[in-house]
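Subject: Structure handover

Hi,

Here is the structure I promised to pass on. Please open it first, then read my notes below.

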Amino acid sequence: WVKTAEDGFFKSFEVLGSGISTEEQVSWAYFLGGQRMRNVPSYSLEDFIYSTTDKIDITPFGLESRFWYAGKEIPDYKQLEGIRTQTDETPLERILFSHNIPISEFVVQSYIRDALFRGDTDPTNITRRVAPVESGVSIRNLDFIAAYICDALEDFEDVYSIFTDQKVGPVREQAAELHTEVIKFAASLKKGDIDSSILPKHTFIILSQIQMFASNVLEEIDMFETPKQEELNAIENSMESMIDFFDELKELIDNSRKNFRLNNITLITDNNYDHSSWRIIQISIGGTGIWRRVSVPVTLTLHDVRKLITGVFNWGRKLPYKWLLEYVAIDKFFDSDGLVKESLKIADLCAHCVSEITYEYGDWSVKIIITTGGADGEKKIRCITGEGCAPPEDVEGPLRFRRFVSALGRSNREEQETARAQLGDSFNPENFSVDECNKTLAGIFG
């Protein structure tokens, strides 16, 4: 049964990726796992995930979590990823989705009710709230959206009452404002106003989750009877949290951009310097949400990258390790035993369009992603940004590490003491300093 369940989850990951929710992942796993997975005798799902399997784990996913391959991390999105129904989507929904605005007609109708509540029923203004300038919707498609809004306005104005909308109106207005700001911000990032290599990890995943939350509020708040006051209060509290997350994300991006510019402003640019001689790489510990972004020369070998990983995560080099190049069949990258050569350089990987490599170290899986960005005139290996305090290397993998971190916040003294013994008395999961990381790298690379 365990083998069948693992296969069911693996198939669901292949079909769904991260899916919309853990519930959806479980449903597909049971469906794709076949009849044996649904028959008795079997494990409970809780026992299977937490005690039995070592191949499926709970992995950080933006503001949420998902089931995923143990020790691996879910890849980042490159844009907003909303729910899209292929079979019955309308022309309006197709136009919006094609411009990275993944919403239904019901959300557009909620914007129209919000316009009536606000007393601003100019179709142009409503259209620009639904499809901001930053989204790049063509004039022709904007005209189509505006025509839809004009027709709907005529229908809604006859039945809308601002007096009966006093409870729902303010909540809808707040959700619409949040939704428009997320769409505008995501569009500006997608257009390349900022170097994508310095974006915080899972930027578009987090934006997608906030966008989906706001669009769900807009869609559901007008589809049924007026919610009770307790429900509206709960929605407002959730909205405040999402607004806080959104503001924090924007602040993180602004700080990353400032850091990047400040660190580059002192560099002397050599006119003969090869613009492609440096890259920014992202180094992530699978299953933990802990990552670093580092500017490196393309002459760096995998042997040097191993020293780099040692520095940014404060690890040693005592555990068994190996390099993995998945789906790569370039003979000169491997030795006679089929192992990846440590003499390989970043430049060699880039020359063959290989952008990812994995460093398996003991029970840890570290993914290295090579970006296309690089600092012209860079002179030293330097950490740009990152998140989270790296786990001690001898904790034996991400699952045990997360359980120890979780124990630190519990009231059980025995569990806390065990966690402290494994993680260290001064361990703080949020503790990370770019400056301290760069001091360590300076000691390794000069």
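Start with Arg306. Arg306 lies over the face of Tyr321, 3.6 Å from the ring centre. Arg113 sits over the face of Phe156, at 4.5 Å from the ring centre. (A charge sits over a ring if NZ of Lys or CZ of Arg is within 6 Å of the ring centre and within 35 degrees of the ring normal.)

This is a predicted model: local features need pLDDT of at least 70, side-chain atom pairs count only at pLDDT 80 or more, and totals for chains, interfaces and linings use all residues. Residues are numbered from 1 along each chain as its sequence is written, and side-chain values use heavy atoms, with hydrogens and water left out.

Now the aromatic pairs. The whole structure holds 19 of them. (Rings of Phe, Tyr and Trp, its six-membered ring, pair if their centres lie within 6.5 Å; planes under 30 degrees apart are stacked, over 60 edge-to-face, the rest tilted.)

Phe13 and Tyr69 pair edge-to-face, 5.0 Å centre to centre, with 70 degrees between the planes. Phe13 lies in helix H1 (residues 2-16) and Tyr69 in strand E2 (residues 64-69), so the pair ties together parts 56 residues apart in sequence. (Helices, H or I, at least four residues, and strands, E, at least two, are DSSP runs, numbered from the N terminus.) Phe13 is buried, at 3% relative accessible area. Tyr69 is partly exposed, at 26%. (Buried means under 20% relative accessible area, exposed over 50%, partly exposed in between, with a 1.4 Å probe and protein chains only.)

Both residues belong to one aromatic cluster, with members including Trp1, Tyr43 and Trp68.

Best wishes
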